[in-house]
Amino acid sequence: MNPYILATLLFGLGLGTTITFASSHWLLAWMGLEINTLAILPLMAQHHHPRAVEATTKYFLTQATGAAMLLFASTTNAWLTGQWDIQQMSHPLPVTLITLALALKLGLAPVHAWLPEVLQGLDLTTGLILSTWQKLAPFALLIQIQPSNPTLLVALGVISTLIGGWGGLNQTQLRKILAYSSIAHLGWMILVLQFSPSLTLLTLSTYLLMTFSTFLVFKLNTSTNINSLATSWAKAPALTTLTPLILLSLGGLPPLTGFMPKWLILQELTKQDLAPTATLTALAALLSLYFYLRLSYAMTLTMSPNVTTGTTPWRLPSLQTTFPLAISTMATLALLPLTPTVMALMTL
């Protein structure tokens, strides 16, 4: 892609998200979301093959539906209450509609079906943008409206953690596995949103960090399915040693960084007298942990599937810079000791 066009599109992505962050009026927030969507569409369709075009079309239709629903709900709120301010949502009908519209934009279950299909049709770089940056603007709106329908949020969170775990069990494509991982992590964030927005932001930031590391690892290995992971030992042995730890951090095992938000969320749910919900969510995390362990096993403990007539693939050195991966990997693995500091900051 022409670097000037690429810079324009990335600027549009940043502008759309910033407009949504800074807006207090629903029309401006909607405008920011639309700029965001229009900026990423050419990036998704830049590889001219049918799968990418199909993914771009699905993404466009889904996001357009979510934006139309958001605009309709905000108009309904203005009709019922006479104001357009984001933080003054009082009527339950527009609040419920806006929550569902933002859930559709994020890919929360049960309106999640587009996310694995779209992510599967993209290259890893665009998939990384879709899984990280594109989540920020809808989350900013969700945190601002402080939804007055707690039952809906808890239901969305529990269903997302369950479907995110079940959906990834039988997958062989890495991008679909990461999509279901995204759905499960979003469920954890939504579950605790009404009780502790700061904890939701902490979970979102750790998720962005861990997902960034995982996508960069797969991009460095040029891996798109489980079988291709088996060749990574010959390409980058040091990275292959660290990758299972990154995946287990995504699964939420101590003493890795991913354990911190899940532990704090379970603690907060228990404080709110939601012990059955916390138990169900913790059990759902075991489903996700299974396919992270499956990826780790395929990467470190299996040989590459070869036949006697097969040719050895070229193992050219990767041109990708490894400095961002090194920084994010260390943060993904070693931030758990900061938990007391984080808890102290959250109570301020």
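In which loop is the place of Asp273? In this predicted model, where local features need pLDDT of at least 70, side-chain atom pairs count only at pLDDT 80 or more, and totals for chains, interfaces and linings use all residues, Asp273 is placed in the loop between H14 and helix H15 (275-300). Residues are numbered from 1 along each chain as its sequence is written, and side-chain values use heavy atoms, with hydrogens and water left out. Helices are DSSP runs of H or I with at least four residues, numbered from the N terminus.

Asp273, a residue other than glycine, has a positive phi near 60 degrees. With a relative accessibility of 70%, Asp273 counts as exposed, a term that denotes over 50% relative accessible area, computed with a 1.4 Å probe on protein chains only. A positive phi is likewise found at Thr222, which is not a glycine and for which the angle is about 50 degrees. Thr222 belongs to the loop between helix H10 (197-221) and helix H11 (226-229), and its relative accessibility of 60% places Thr222 in the exposed class.

Note on methods
Helices (H or I, at least four residues) and strands (E, at least two) are DSSP runs, numbered from the N terminus. Buried means under 20% relative accessible area, exposed over 50%, partly exposed in between (1.4 Å probe, protein chains only).
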